[in-house]
Amino acid sequence: MKIICPSCNTANRVPPNKLGDHGKCGRCGNALFSGQPVTLTSVNFEKHSAMSDIPLLVDFWASWCGPCRQMAPAFSAAAQQLEPRVRLGKLDTEAEQAIASRYRIQSIPSLILLANGKELSRTAGAMPTSSIVAWTNAALP
Ligand code: ZN
């Protein structure tokens, strides 16, 4: 399976049965799964959303949004539960307006689950960790 390194954005090949074995990136040596959401930008968004063999759950947020800041710890905790089946990433809608408008984000926080570049599902509004995990599991193919 192709897994994108959260540190250097290099595509690593990982056997499916070794996904949970705390593998390291062949290029930079950092962990392929750190239990933390990746910061998504125009530089790495395509790689994580379209070139990875695991789905990407994106938190569209902004620093001025109170509910977004409130949900941040819950989203980080969800990463620990959903990795390595799903990659979690955060997209700052102020810093990356082109991506936010491409996905027609109307309210934040919004969560969108992507796989192979396609949108599987989306939801809006802050959620606790258990709801983020349950919603994602239900939306996975
Ligand atoms: Zn790397």
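**Close-up 1. Pairing of strands β3 and β5 in the predicted model.** Strand β3 spans residues 38–40 and runs parallel to β5, with 3 bridges between them. T39 has its bridge partner in β5, namely K90. Strand β5 covers residues 87–92 and is mostly covered. Of its 6 residues, 5 are buried.

**Close-up 2. Pairing of β4 with β5, and the crossover between them.** These two strands are also parallel, joined over 6 bridges. V58 is bridged to G89 of β5. Between β4 and β5 the chain passes through α2. This β-α-β crossover is right-handed.

**Close-up 3. The buried and exposed faces of helix α4.** Helix α4 comprises residues 129–139. Its buried residues are T129, I132, V133, W135, T136 and A139. They lie on the same side of α4, because their arc around the axis is only 165°. An α-helix has 3.6 residues a turn, so residues three or four places apart point the same way. The face turned away from the buried side carries S130 and A138, both exposed. Among the elements covering the buried residues are β4 (56–61), α2 (66–82), β6 and β7 (118–124).

Close-up 4. The S110 side chain reaches the backbone oxygen of S107 at 2.5 Å.

Definitions and conventions. Residues numbered from 1 in each chain as written. Predicted model: local features only at pLDDT ≥ 70, side-chain atom pairs only at ≥ 80, totals over all residues. Heavy atoms only, no water. Polar contact = N/O pair within 3.5 Å; in protein donor to acceptor, adjacent residues only side chain to side chain. Buried < 20%, exposed > 50% of the residue type's maximum accessible area, 1.4 Å probe, protein only. Helix = DSSP H or I, 4+ residues; strand = E, 2+ residues; numbered from the N terminus. Arc of directions from axis to C-beta. Contact = heavy atoms within 4.5 Å. Pairing = 2+ DSSP bridges. Right-handed = clockwise from strand over helix to strand, strands pointing away.
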